[in-house]
Amino acid sequence: MHIHADQEKCCGAGSCVLAAPDVFDQRDEDGIVVVLDAEPPAALHDAVREAAAICPAAAISLTG
């Protein structure tokens, strides 16, 4: 799995961080998403899929 987060689309809601805190974070200055691990281990895939599904701005895309 590879994660791409579109920072232009991100609205800073933080849903992704709540769903997968080992994979996502937010910039301090504006809350925009930061991907900590673009290719997370399989154990985190379900949490990452949930994060992508609940993102209100649809800013997270997954491949693989």
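**Strands, helices and salt bridges**

Modeller: Ala-5 stands opposite Ile-60 in S4. Bear in mind that this is a predicted model.

Colleague: OK. How do S1 and S4 run, and how many bridges join them?

Modeller: They run antiparallel, and four bridges join them.

Colleague: Which residues of S1 are on the covered face, and which on the uncovered one?

Modeller: Ile-3 and Ala-5 make up the covered face. His-2 and His-4 are on the uncovered face.

Colleague: Switching to helix H2. Which of its residues are buried?

Modeller: H2 spans residues 45-54, and His-45, Val-48, Ala-51 and Ala-52 are buried there.

Colleague: Why do they line one face of the helix?

Modeller: Look down the axis of H2. The buried residues fall within an arc of 120 degrees, so they line one face.

Colleague: And what does the face turned away carry?

Modeller: Two exposed residues, Asp-46 and Ala-53, are carried on the face of H2 turned away from the buried side.

Colleague: What covers the buried residues of H2?

Modeller: The cover includes strands S1 (2-5), S2 (24-26) and S4 (60-63), along with helix H1 (15-19).

Colleague: Take Val-48. Which residues is it in contact with, leaving aside neighbours within four places in sequence?

Modeller: Met-1, Ile-3, Ala-20, Val-23, Phe-24, Pro-40 and Leu-62.

Colleague: What about the largest nonpolar core? How many residues does it have?

Modeller: That core has 18 residues. Those with the most contacts inside it are Ile-3, Cys-16, Val-23, Phe-24, Val-33, Val-48 and Ile-60. The elements giving two or more residues to this core are S1, H1 and H2.

Colleague: New topic, charges. How many salt bridges does a search of the whole structure find?

Modeller: The search finds three.

Colleague: Start with Arg-49. Where is its partner?

Modeller: Arg-49 forms a salt bridge with Asp-46, and their closest N and O atoms are 3.3 Å apart. Both residues lie in helix H2. They are three residues apart, about one turn of the helix.

Colleague: Which residues do salt bridges that share partners join into one network?

Modeller: Arg-27, Glu-29 and Asp-30 are joined into one network. The side chains of Arg-27 and Asp-30 meet at 2.6 Å, N to O. Those of Glu-29 and Arg-27 meet at 3.7 Å, N to O.

Colleague: Are those residues buried or exposed?

Modeller: Glu-29 counts as exposed, at 64% relative accessibility. Arg-27 is partly exposed, with a relative accessible area of 28%. Asp-30 is partly exposed too, with a relative accessible area of 39%.

Colleague: Great, thanks.

Definitions and conventions
Residues are numbered from 1 along each chain as its sequence is written. This is a predicted model: local features need pLDDT of at least 70, side-chain atom pairs count only at pLDDT 80 or more; totals for chains, interfaces and linings use all residues. Side-chain values use heavy atoms; hydrogens and water are left out. Buried means under 20% relative accessible area, exposed over 50%, partly exposed in between (1.4 Å probe, protein chains only). The arc is that of the directions from the helix axis to the C-beta atoms. Contact means heavy atoms within 4.5 Å. Two strands pair if DSSP finds at least two bridges between them. A salt bridge is a side-chain nitrogen of Lys or Arg within 4 Å of a carboxyl oxygen of Asp or Glu. A nonpolar core is a set of buried Ala, Val, Leu, Ile, Met, Phe, Trp, Tyr and Cys residues joined through side-chain atoms within 4.5 Å.
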